[in-house]
Amino acid sequence: KMKYLKNFLDDRINVNVLKNADLVIAQTKTQQKLLLENYSVTSIVVPNAHQIPIKLKKKSDFPIVCWIANLKKWKRPDIFLKLAQSLTNVPSHFYFAGRNDGSNFAKKIIKKANQLTNVTYLGELPFHKTNELLEKSNIFVNTSEPNEGFPNTFIQSWMRETPVISLEFDPDNLLEEEKLGFCSNNFE
C-alpha cells in the first residue's frame with residue numbers, strides 16, 4: 001500500500017510540475033501529441049543531437065548485425081537472440097551490447113548469448129565504442145517495446161549509414177517515411 005501511495009504522489013507531483021513549467025520539451029511529435037491530449041500541455045520538439053562523423057569506414061563484407069540497449073525485459077533482447085539463433089546457417093555475426101544490471105533476467109540473457117556460436121556479447125560499451133560498432137555493422141536491430149522516447153542508437157546508426165530494423169518502434173514514422181530502415185511489426 002505504501003508503494004501505491006508513493007507512486008500516486010510521484011505521479012501527482014510530476015503532473016503539477018509539468019503543467020506549471022515555463023517550457024516543456026518532447027523528443028518526438030508523438031510525445032508532443034500525448035502531452036497535449038493527456039495533460040493539455042503544449043511542448044516543442046527538440047530532436048537529439050550528435051556529432052557528425054568525420055569519415056566513415058567501409059562496411060564489413062561479412063554481414064554484421066548488432067543490438068545495443070540495456071538488458072531490460074522491455075528492451076526484449078531475447079528476441080534478438082532468437083533472431084540470431086534462427087540464422088545460424090546464414091554467414092553473418094551478431095554483436096550484442098548492453099548494461100548488465102545483475103538481474104536474473106540479464107544473467108539468463110547473457111548465458112543464452114554465450115551459448116550461440118554466431119553471437120558475441122560485448123557488455124556495456126562507452127559511447128565511442130557504440131559508434132564504432134554501429135559504423136562497422138550492416139544492420140542495427142531494435143526489439144524494444146514501442147513506448148520509449150527517441151533512441152540515440154537510431155540516430156547513431158543513421159549517421160553511420162547503418163539501417164535500423166525495428167520490431168515495433170518507429171518514432172514519428174521516420175524509418176518508413178525517410179527510408180532509414182524498416183519497421184517489421186512481426187518477428188518473421
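**Close-up views of a predicted model**

**View 1. Five aromatic residues gather into one cluster.** Trp67, Phe80, Phe94, Phe96 and Tyr121 are joined into a cluster by ring pairs. What counts as a pair here is two rings of Phe, Tyr or Trp (for Trp, its six-membered ring) with centres within 6.5 Å; planes under 30 degrees apart are called stacked, over 60 edge-to-face, and the rest tilted. By this rule the count comes to nine aromatic pairs. One of them is Phe96 with Tyr121, a tilted pair with 5.5 Å from centre to centre and 50 degrees between the planes. This pair links distant parts of the chain, since Phe96 sits in strand β4 (residues 93-97) and Tyr121 in strand β5 (residues 119-123), 25 residues apart. Strands (E, at least two residues) and helices (H or I, at least four) are DSSP runs, numbered from the N terminus. Phe96 has a relative accessible area of 0%, so Phe96 is buried. Buried means under 20% relative accessible area, exposed over 50%, and partly exposed in between (1.4 Å probe, protein chains only).

A quick note on the model: it is predicted, so local features need pLDDT of at least 70 and side-chain atom pairs count only at pLDDT 80 or more, while totals for chains, interfaces and linings use all residues. Residues are numbered from 1 along each chain as its sequence is written, and side-chain values use heavy atoms, leaving out hydrogens and water.

**View 2. Here are some of the salt bridges.** The structure holds five of them, each one a side-chain nitrogen of Lys or Arg within 4 Å of a carboxyl oxygen of Asp or Glu. Arg76 and Glu168 meet through their side chains at 2.5 Å, N to O. That pair links distant parts of the chain: Arg76 is in the loop between β3 (64-68) and α3 (77-86), Glu168 is in the loop between β7 and α7 (174-177), and they are 92 residues apart. Arg76 counts as buried because its relative accessibility is 16%, while Glu168, at 32%, counts as partly exposed. Another salt bridge joins Lys58 and Asp61, with the closest N and O atoms 3.0 Å apart, and both of these residues are exposed.

**View 3. Ser166 sits in strand β7.** This strand covers residues 164-166. Is Ser166 buried or exposed? Ser166 counts as buried because its relative accessibility is 0%. The Ser166 side chain reaches the backbone oxygen of Phe169 at 2.6 Å. Leaving aside residues up to four places away in sequence, Ser166 touches Asn142, Phe154, Leu175, Phe182, Cys183, Ser184 and Asn185. Touching, or contact, means heavy atoms within 4.5 Å.

**View 4. Helix α6 is mostly covered.** Six of the eight residues in this helix (residues 152-159) are buried. They are Thr153, Phe154, Ile155, Gln156, Ser157 and Trp158. What covers them includes β3, α5, β6 (139-142), β7 and α7. After α6 comes Glu161, which has a positive phi, near 55 degrees.

**View 5. A nonpolar patch lies on the surface.** Leu23, Ile25, Ile44 and Val46 form this patch and together have about 360 Å² of accessible area. Accessible areas come from the Shrake-Rupley method with a 1.4 Å probe, and for residues only the protein chains shown count as cover. Patches are made of residues with over 30% relative accessible area and no salt bridge; like charges are joined within 9 Å, and nonpolar side chains (Val, Leu, Ile, Met, Phe, Trp, Tyr) within 5 Å. Ile44 lies in strand β2 (residues 44-45). With a relative accessible area of 42%, Ile44 is partly exposed.

Terms used: Polar contact = N/O pair within 3.5 Å; in protein donor to acceptor, adjacent residues only side chain to side chain.
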